[in-house]
Amino acid sequence: QVQLVESGGGLVQAGGSLRLSCAASGRTFSNYAMRWFRQAPGKEREFVAAITWRGADAYYADSVKGRFTISRDNAKNTGYLQMNSLKPEDTAVYYCSAAAVIYSPVAGYWGKGTLVTVSS
């Protein structure tokens, strides 16, 4: 089991920045890819970004490419999502996940989420 706890969400104006953190405990976090998904009200959970277990490769949804940066520090068992130039459409609950796959919205371990609200 991997336990994941997200933090760093909040209310920010459009154009602002937030940094989400994902603290992991339990089984070896570094064995898994780390992913961020989000779910807006009334919408399905969607992929945001992922980083491989060593941090060598990162993947982004087209909607966040160039604005969001994913990273991880395996020594601290922590992952991050730096979000810049935020838009109202980025408003959602953001979930951290550790999994052996990149894009599956159901596989792996999940945190409970942190709410990001971007005001216009």
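This is a predicted model: local features need pLDDT of at least 70, side-chain atom pairs count only at pLDDT 80 or more; totals for chains, interfaces and linings use all residues.

A: Tyr-32 and Tyr-109 are both buried. Their rings form an edge-to-face pair, 5.8 Å centre to centre with 80° between the planes. The two residues are 77 apart in the chain: Tyr-32 belongs to the loop between β3 and β4, and Tyr-109 to strand β10 (residues 109-110). A search of the whole structure gives five aromatic pairs.

Another pair is formed by Phe-37 and Phe-47, whose ring centres are 5.6 Å apart; their planes stand at 80°, so this pair is edge-to-face. Phe-37 is in strand β4 and Phe-47 in strand β5, so the contact ties together parts 10 residues apart in sequence. Phe-37 and Phe-47 are both buried. They also belong to one aromatic cluster, together with Tyr-59, Tyr-103 and Trp-110.

The charged end of Arg-19 sits over the ring of Tyr-80, 4.0 Å from the ring centre. For Arg-45, the ring is that of Tyr-95, and the distance from the charged end to the centre is 4.2 Å.

Leaving out residues up to four places away in sequence, Tyr-94 touches Trp-36, Phe-37 and Phe-68, and its other partners include Leu-20, Val-48, Leu-81, Met-83 and Val-116. Glu-6 and Arg-38 are also among the residues that Tyr-94 touches.

Trp-36 is also one of the contacts of Ser-21, as is Tyr-80, with neighbours within four places in sequence set aside. Ser-21 is in strand β3 and is buried, with a relative accessible area of 19%, where the cut-off for buried is under 20%.

Cys-22 lies in strand β3 and Cys-96 in strand β9, so the bond ties together parts 74 residues apart in sequence. The torsion about the S-S bond is about -75°, so the disulfide is left-handed. Relative accessible area is 0% for Cys-22, and Cys-96 is likewise buried at 0%.

Notes
Residues are numbered from 1 along each chain as its sequence is written. Side-chain values use heavy atoms; hydrogens and water are left out. Contact means heavy atoms within 4.5 Å. A disulfide is a pair of cysteine sulfur atoms within 2.5 Å. Helices (H or I, at least four residues) and strands (E, at least two) are DSSP runs, numbered from the N terminus. Buried means under 20% relative accessible area, exposed over 50%, partly exposed in between (1.4 Å probe, protein chains only). Rings of Phe, Tyr and Trp (its six-membered ring) pair if their centres lie within 6.5 Å; planes under 30 degrees apart count as stacked, over 60 as edge-to-face and the rest as tilted. A charge sits over a ring if NZ of Lys or CZ of Arg is within 6 Å of the ring centre and within 35 degrees of the ring normal.
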